[in-house]
Amino acid sequence: MRDVEISKAIVEAYFNDLIENLQLDVAVVGAGPSGMVAAYHLAKGGAKVAIFEKKLSTGGGIWGGAMGFNKVVVQEEAKSILDEFGISYKEFEKGYYVADAVEVAATMASRTVKAGVKIFNMVEVEDLVVKNNRVAGVVINWTPVKMTNLHVDPLTVEAKFVIDSTGHGAMVSQFLVRRGLMEGIPGEGAMWAEMGEKLTVENTGEVYPGLYVTGMAANALKGSPRMGPIFGGMFLSGRKAAMEILEKLKK
Ligand code: 48F
């Protein structure tokens, strides 16, 4: 066994993936629940899609359940998404299903990758490409470069659509706000699970030509309530964005 062959295998495989994913139908930013569900459905629908996730791990806010009690709750309307991913759950009482947070995060990542989505972890989206008043891609850099504040230029990925699935901070939409291309973002409202869940789905959509928002980012843009450890709204939001984008890609 030669060490250098191991290195060559990694470098060649990684850069083949990177080259293949420099031109996408959809670039999803953030591998939390809404981003993974969106990417999964897009890939199933035949779109070329990659997720860029700044952390090492995928799953965003799934892993810790609530206060580190690693269970998540899903309501009736979103149970079909647990079924679609093959995630097990127990009925707590009518309409409230409880799933293991580790199983949700791990299974979702696995099924998303197997659906054909390339996930680039440890890659931060630091800006957007905007051409002729339309978002046309993402600007990426290594997370350690961003963390250490090194002066290193990024790379560009072309995409027909970008999805901001970055959660509470709505980090991608903030790039447009900073340039005066979008109104200021009020941030999420106070806790109200029922309203937060409903509005997460309603707030999901195209917020600037070529840019979609999902999940908590969608609520942050509208000042809608947070909802804590209930995840159905995140799943339904991801699926809604995917279905709308697939329709637009057909045109
Ligand atoms: O926060 P997150 O899980 O987003 P979500 O899909 O789900 C929210 C829930 O987890 C939970 C909740 C449900 O009750 O409220 O909070 O809306 O995942 C967002 C992901 O985006 C990554 C971040 O590391 C996380 O994994 N992310 C954030 N900014 C960037 C990014 C960036 N600039 N580039 C790449 N990834």
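## A tour of the pockets and the ligand

Start with the largest pocket, which holds about 860 Å³ of space. A pocket here is an open set of points on a 1 Å grid over the protein atoms alone, where a 1.4 Å probe fits, with protein on both sides within 12 Å along at least five of seven lines. Its volume is the space filled by probe spheres set on the points, which are joined across faces, edges and corners.

Before going on, please keep in mind that this is a predicted model, in which local features need pLDDT of at least 70 and side-chain atom pairs count only at pLDDT 80 or more, while totals for chains, interfaces and linings use all residues. Residues are numbered from 1 along each chain as its sequence is written, and side-chain values use heavy atoms, with hydrogens and water left out.

Stop 1: A lining residue has an atom within 4 Å of a grid point. Now colour strand 7 (123-131), which gives the most to this lining, with four residues. Helices and strands are DSSP runs (H or I, at least four residues, for helices; E, at least two, for strands), numbered from the N terminus. By class, the lining has 17 nonpolar, 16 polar and seven charged residues; Gly counts as polar in this scheme.

**Stop 2: the ligand.** Show the ligand next, and you will find it in the largest pocket; "sits in" asks that more than half of its atoms lie within 2 Å of the pocket's grid points. Around the ligand are 26 residues, the closest being Ser34, Glu53, Gly61, His168 and Gly228.

**Stop 3: polar contacts.** These are pairs of N or O atoms within 3.5 Å. Which ligand atom is 2.7 Å from an N or O atom in the side chain of Ser34? An oxygen atom of the ligand. Move on to Lys54, where a backbone N or O atom lies 3.1 Å from a ligand nitrogen. At Ile230, a polar backbone atom is 3.5 Å from a ligand oxygen. Taken alone, the ligand exposes 740 Å², and the protein buries 93% of that (Shrake-Rupley method, 1.4 Å probe).

**Stop 4: the second largest pocket.** Keep Ile230 selected, as this residue is also one of those lining the second largest pocket, whose volume is about 220 Å³. Helix 7 gives the most, with five.

How values were computed. A residue is near a molecule or strand if one of its heavy atoms lies within 4 Å of it. A polar contact is a pair of N or O atoms within 3.5 Å; within protein, one must be able to donate a hydrogen and the other to accept it, and residues adjacent in sequence count only if both atoms are side-chain atoms.
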